[in-house]
Amino acid sequence: MVVTRFAPSPTGFLHIGGLRTALFNYLWARRNGGQFKLRIEDTDQSRNSAEATKAILEAFDWVGMDYDGEAVYQSDRFDLYKKYIAQLLDEGKAYYCYMTKEELDALREEQLARKERPRYDRRYRDFTGTPPAGVKPVVRIKAPLEGDIVFEDGIKGTITIKADEVDDFIIARSDGTPTYNFVVAIDDALMGMTDVIRGDDHLYNTPKQIIVYEALGFKLPRFYHVPMILGEGGKKLSKRDGAADVMDYKRMGYLPEALLNFLVRLGWSHGDQEIFSMEEMLEYFDPCDINASASQYNPDKLLWLNAHYIKNSSNDRLAKLLEDFGLYLLNHDKREILLDIFKERCKTIKEMAEQIKEVLETPKSYDEKAIKKAMKGNAVEILEAFMKKLETTDTLHLPTDYHTLLEDFVKEQEIGFGKIGMPLRVALIGRLGGPDLSDVMSIIGKEETITRIQKLCEHVKMTSAS
RNA sequence: GGCCCCUUCAUCUAGCGGUCCAGGAUGCAAGGUUUUCAUCCUUGUCACAGGGGUUCGAGUCCCCUAGGGGUCACCA
């Protein structure tokens with residue numbers, strides 16, 4: 001049985017690094033037919049927010065991850081933690097410390113001035129006298145005074161920390177509320193965690209938590225510390241590297257499976273395979289195969305993956321996704337051809353919406369460079385001649401009809417295809433590039449094609465006259 | 001600064017002592033397909049951080065140096 005968890009602190013939106021950690025835990029639990037749990041780490045009442053929890057759940061929902069049972073809120077479990085604090089106090093494994101925050105700060109400054117590592121000096125560890133009046137004490141745990149704290153990390157191997165690197169850290173604040181490293185150990189143990197996969201910024205917390213596990217007689221889980229995702233240039237991931245918020249990826253037109261595929265390959269691999277369906281991730285994922293070194297965020301690869309998944313999406317789904325970008329195609333009679341064409345050419349749903357609108361809507365303006373390049377010489381006359389041919393032809397429906405028309409036109413006029421192709425392209429979508437002309441004409445129809453040609457011709461005449 | 005961790009192409013990575021004059025993917029470049037652009041296909045470009053060991057043999061094991069990251073709260 002494998003039990004894993006994702007344990008965010010609700011201080012903001014869900015970050016892609018957090019999503020990757022969640023994914024790793026999710027995959028490992030599900031792969032083994034185990035359980036994946038969600039725990040909200042909200043012991044610091046001044047910092048957490050209900051909106052943040054909602055945002056995390058929303059992101060989970062978007063990527064299609066679910067968790068087992070109810071989400072556990074640490075703020076609901078204070079009584080439980082208090083019980084354990086009392087127990088450790090009774091057993092002499094923890095003690096009251098009457099040092100005030102001010103005294104602690106002063107000590108820290110002194111130590112820093114002496115270039116020492118700031119740390120608590122254990123002055124109340126064996127205190128038996130009369131406590132100073134008017135000081136609400138914190139509770140500190142007795143960390144071992146000598147020896148090493150050693151544990152096996154599933155990714156980094158054996159980690160050894162000297163005992164004197166670990167303070168008698170605080171497990172209960174002076175207001176009685178418990179602190180992170182204490183509650184994490186209790187909850188992980190009580191919730192039955194077998195495998196803890198988390199960011200390697202927690203590496204130094206692990207020895208502290210091990211002290212709690214041992215003081216309370218709990219069984220240790222396996223630990224896996226996953227290296228961070230770095231931004232471009234190897235620096236800390238920031239907003240400049242794209243979106244940090246998972247939901248921003250939805251807003252930018254990414255497919256959740258593309259994001260997941262991208263994230264799973266950041267630090268983890270299975271031979272040379274690049275494309276992983278959820279089924280394949282579930283079949284192959286093993287935290288032991290996660291790299292020990294940090295990886296960089298690579299937006300180009302995400303984009304490539306997204307394009308791949310768009311190409312392989314059904315038109316029904318794409319039509320629904322496009323609605324988030326203001327494009328409603330469900331009842332459009334040219335829906336299939338539009339989607340077939342554009343799913344091959346777009347890297348994001350957002351881009352797809354924009355490009356489809358470009359075809360569906362009469363151009364409001366023209367690209368200057370395109371005009372310059374396409375509308376020189378007798379381009380206007382050619383366009384007008386083509387327009388006449390359109391007007392006098394009746395059986396125009398399919399792309400092939402328009403294609404034949406264009407071919408005939410080029411032959412009749414004895415011109416190269418570019419002579420009509422480029423101006424027509426500008427007339428239809430306002431710029432060079434874009435999909436097949438016959439396709440576009442077929443989609444918008446004869447009347448609209450004529451309208452657009454007229455509009456461009458007028459525009460060119462106006463601007464060249466002035 | 002102390003401690004801990006990390007180091008293969010620009011980037012993600014394969015490689016778990018010989019099958020590696022280092023493979024795949026993204027990117028980039030060139031060519032092909034295409035009426036344009038994009039897609040797609042083909043080819044090419046590009047790396048074992050440096051130095052010492054160990055070994056018949058090292059990208060793979062050990063040490064040192066350099067560089068990067070993390071962490072040192074009554075935050076999580």
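View 1. In strand β7, Ile159 is the bridge partner of Phe151. We're looking at a predicted model here, where local features need pLDDT of at least 70, side-chain atom pairs count only at pLDDT 80 or more, and totals for chains, interfaces and linings use all residues. Residues are numbered from 1 along each chain as its sequence is written, while chains are lettered from A and ligands numbered from 1 in the order in which they are written. Strand β6 (residues 148-153) and β7 run antiparallel and are joined by six bridges; two strands pair if DSSP finds at least two bridges between them. Helices (H or I, at least four residues) and strands (E, at least two) are DSSP runs, numbered from the N terminus.

**View 2. An open sheet of three strands.** The order is β4-β5-β8, and the pairing is antiparallel. β4 (94-97) and β8 (170-172) are the edge strands, each with a single partner, so one side of each has no neighbour in the sheet. On average, neighbouring strands are turned by 45° against each other, direction ignored. Four bridges link β4 to strand β5 (residues 138-141) in the antiparallel sense. Look for Cys97, which stands opposite Val138 in β5.

**View 3. Helix α8, wrapped up by its surroundings.** Eight of the nine residues of α8 (residues 256-264) are buried, so the rest of the structure largely encloses this helix. Among the buried ones are Glu257, Asn261 and Phe262. The buried residues of α8 pack against α1, α2 (50-63), α7 (246-251), α9 (278-284) and α10 (299-311).

**View 4. Where α1 meets α8.** These two helices pack at an angle of about 80°, with axes 10 Å apart; axes are lines fitted to C-alpha atoms, for helices over the stretch in contact, and angles run from 0 to 180 degrees between N-to-C directions. α1 and α8 are therefore roughly perpendicular (angles under 35 degrees count as roughly parallel, over 145 as roughly antiparallel, 65 to 115 as roughly perpendicular and the rest as oblique). From α1 come Ile16, Leu19, Arg20 and Leu23, which meet Leu260, Leu263 and Val264 of α8. Contact here means C-beta atoms, placed from the backbone, within 7 Å. By class, that's six nonpolar, no polar and one charged (Ala, Val, Leu, Ile, Met, Phe, Trp, Tyr, Cys and Pro count as nonpolar, Asp, Glu, Lys and Arg as charged, and the others, Gly among them, as polar).

**View 5. The largest nonpolar core.** It has 85 residues, and Leu19, Leu23, Leu259 and Leu263 have the most contacts inside it. A nonpolar core is a set of buried Ala, Val, Leu, Ile, Met, Phe, Trp, Tyr and Cys residues joined through C-beta atoms within 7 Å. Helix α1 (residues 16-31) gives the largest share of this core, nine residues. Apart from it lies another core of 21 residues, including Ala172 and Ile211.

**View 6. α15 against α17.** Helix α15 (residues 379-391) and helix α17 (residues 417-429) pack at about 80°, their axes 9 Å apart. Ile382 and Phe386 are among the α15 residues making the contact, and Pro423 and Leu424 are among those from α17. The contact residues divide into eight nonpolar, no polar and one charged.

Terms used. Contact = placed C-beta atoms within 7 Å. Buried ≥ 20, exposed ≤ 12 C-beta atoms within 10 Å, placed from the backbone.
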